[in-house]
Amino acid sequence: MSVNLAVVGATGAVGRIVLEQLALRKLPINRLKLLASQRSVGKEVRFADETLKVQLLEPDAFQGIDIVVASTPDEVSAEFASWATDAGAVVVDESGYWRMDPKVPLVIPEVNPEAIHDHQGIIASPNCSTTQMVVALAALHRHCPVRRVVVSTYQATSGAGLAGNEELYDSTRSALTGKTHPAKTFQYPIAFNLIPQIGSEKEAGYTSEEMKMVYETRKIMGDDDIVVCPTCVRVPVTIGHSESILVETADPISVDKARELFAAAPGVTLVDDLDNKQYPMPQDCEGKDDVFVGRVRKDLSSPNGLAFWCVSDNLRKGAATNAVQIAELLIQKLAAASS
Ligand code: 2RA
């Protein structure tokens, strides 16, 4: 079977990769419609061997569409999602707007694929920093329940869209010539700097990005007892979020067992050989769909703790790839229902 699919936000940093992934993974698409705000209408975008024109995101845009993959800001998603569901489409949404809605499944296909069956027209894809951490944690959780996580992130500028990368380039050029580039996308100049704030102040001294890691992790893993203490930091890297993770499990897991679990986990690649300087780094993970794990070691401060390092392309598994994988699951479900 083939589907009519719409991509909303097709010209953004993530939307472009959604299109790449749709072509690469050969989704059975009958008709592909590209939708965006007025600013992008009429732009031409290549898809496989075709050139498609971007059309206006408006209430009537979803007639005849089966599946929508959307990468838009929260407020855009809040407005258009009902236009799509009223027309009978299922929306795979990458914004933060729907993620914690109890009626909306929050899905990572390697972790909780069964959750898609409960959708009521909208399925949410998690925030990038949560996705890579949960793909890795799930490898351990399936063996022994995860109880506590302390995570520090090192998040790439592309997490803030194309404007984030532009600001890194401009800020770096300015710094190298002794000038100051005014920060617009970030709170401070990002060149040769780290900024320990992603998102706005949310609660108890934590930011919105940090609280996403707390709440989304519990929802995806289906376990409200998991406690997470996050610190999210913006770093001058264009693509690839990195995370230093300390996890405590209900019972101890040996380093060898953890490596075995990571190596066997779907969507995880283990790169862990400190003697030979082998560990994941953003520059090696860019353009790849897996979550990369390395530096696995015992926590020196608690008997049930393990420490590890985790890197993933935030635009791929952190966003576009995960959403396209959800669309694949939906197509399998539609095919099963029609056979
Ligand atoms: C960031 N997590 O890196 C955000 C993007 N969703 O800014």
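Reader: How do the residues of the shell around the ligand divide into nonpolar, polar and charged?

Author: This is a predicted model, in which local features need pLDDT of at least 70, side-chain atom pairs count only at pLDDT 80 or more, and totals for chains, interfaces and linings use all residues. Residues are numbered from 1 along each chain as its sequence is written. Ala, Val, Leu, Ile, Met, Phe, Trp, Tyr, Cys and Pro count as nonpolar, Asp, Glu, Lys and Arg as charged, and the others, Gly among them, as polar. On that basis the shell has 3 nonpolar, 4 polar and 1 charged.

Reader: Which residues are around the ligand?

Author: A residue qualifies if its C-beta atom, placed from the backbone, lies within 6 Å of the molecule. The residues are N127, C128, S129, Q155, G159, A160, I198 and E209.

Reader: Which residues of helix α6 are buried, and where do they lie around the axis?

Author: Buried means that 20 or more other C-beta atoms, placed from the backbone, lie within 10 Å of the residue's own; exposed means 12 or fewer, and partly exposed is in between. Helices are DSSP runs of H or I with at least four residues, strands are E runs of at least two, and both are numbered from the N terminus. In α6 (residues 255-264) the buried residues are A258, L261 and F262. Because they cover an arc of only 95°, taken from the directions from the helix axis to the C-beta atoms, they lie on the same side of α6.

Reader: Which exposed residues does the face of α6 turned away from its buried side carry?

Author: That face carries D256 and A264.
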